[in-house]
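Open the model in your viewer and keep the selection panel at hand. We will go stop by stop.

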Amino acid sequence: MSLIGETQPQAAAGDLIKDGTDASFVADVIEASKETPVIVDFWATWCGPCRQLGPSIEKNVLAAKGKVKLVKIDIDSNPQFAGQLRVQSIPAVFAFVGGRPVDGFMGALPDSQVKQFVDRIAGQAPANATDELLAMAKESLEVGDIGGAAQAYAQVLQAEPDNVKAIGGLARCYLTGGDPERAAEIAAMAPADAKDADLDSVRAALALAEEGPSETGAFEQRLAKDPNDHEARYEIAKALAARGAWAEASDHLLTIIAADREWNDEAARKQLLTIFEAAGSGSDITRAGRRRLSSILFS
């Protein structure tokens, strides 16, 4: 019985504490932290404070009983990731959760502070990988990085082919990039009754793109002769919307609504609402258009 009692703690320590390398960093730290928080201790054999800090971290990681893991990396033999994390002095400690560094410190700390750090990290649940990718994709799309957004959405779809938010986002990438045919193919991957803001927006934009007339010269001539020719103005608005000129299309539609809100069974208002859906509820086009629409309807 004494032999079993002696080997069990060693096995547990081996599962929770390991020596890492640059080659194993992705598996031992980034991927592993998506399941359990991982603390990385960058150290070197010649570093006195490292020898002081190391046992304290190990003791407190073991005391967390599997809620956190420790990877120890000798920077002399493995400088790559230490350099990427801009480690300038050691000991340097980083905590990874969900594949990303979330906390850390440099220098030796008293055992009480090390315990607080380990306990804090041990209490963090790893971020959901899908949610992380979707958030990253949305942020990339908002700043105009269409390629980065498309890559992140595609990565989600590799793991979850029926993820509606990723389908809508990837379709939006293609639409923004000027490929409505591919955007329609991607959007069609989602069930017809699927509900998602991004997917609804893409579907609305695709519908607008299909409706507009290819030539507007005759309608522009009619409108120049008669500013109250609502049909001509409406067709011009549809053509503008089909090209993605939603602000200009909205102006024409709001002009019709202001003159005759009931015209053609409220066709102008219905088209305007489709533009709002395509642009997105938080867009400047939608916010400004809704303010003008409310002013017209309730004046």
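Into which domains is the protein divided? Colour this predicted model by three ranges: domain 1 (17-123), domain 2 (128-194) and domain 3 (216-298). The C-alpha centres of domain 1 and domain 2 are 35 Å apart.

**Stop one: strand E4.** Select residues 92-97. Six of the six residues are buried, so the strand is largely enclosed by the rest of the structure. Show side chains: Ala 92, Phe 94 and Phe 96 are buried on one side, and Val 93, Ala 95 and Val 97 on the other.

**Stop two: the partners of E4.** Asp 41 has Val 93 as its bridge partner. E4 and E5 make a hairpin with two residues between them. Click Gly 98 in the turn: its phi is positive, about 65°.

**Stop three: the second largest pocket.** Stay with Gly 98, which also lines this pocket, along with residues including Gly 99, Arg 100 and Glu 132. The volume is about 190 Å³. Domain 1 and domain 2 each supply at least three lining residues. Helix H6 gives the most, with four.

**Stop four: the largest pocket.** This one has a volume of about 610 Å³. Select Lys 138, Leu 141, Arg 172, Asp 198 and Ala 279, the closest to its centre among 22 lining residues. Helix H8 (164-176) contributes the most to the lining, with five residues. By class, the lining has six nonpolar, nine polar and seven charged residues. Domain 2 and domain 3 each provide at least three.

Definitions and conventions:
Residues are numbered from 1 along each chain as its sequence is written. This is a predicted model: local features need pLDDT of at least 70, side-chain atom pairs count only at pLDDT 80 or more; totals for chains, interfaces and linings use all residues. Side-chain values use heavy atoms; hydrogens and water are left out. Domain bounds come from an automatic or database domain assignment. Buried means under 20% relative accessible area, exposed over 50%, partly exposed in between (1.4 Å probe, protein chains only). Two strands pair if DSSP finds at least two bridges between them. On a 1 Å grid over the protein atoms alone, a cavity is a set of points where a 1.4 Å probe fits but cannot get out, and a pocket is an open set with protein on both sides within 12 Å along at least five of seven lines; lining residues have an atom within 4 Å of a point. Grid points are joined across faces, edges and corners, and a volume is the space filled by probe spheres set on the points. Ala, Val, Leu, Ile, Met, Phe, Trp, Tyr, Cys and Pro count as nonpolar, Asp, Glu, Lys and Arg as charged, and the others, Gly among them, as polar.
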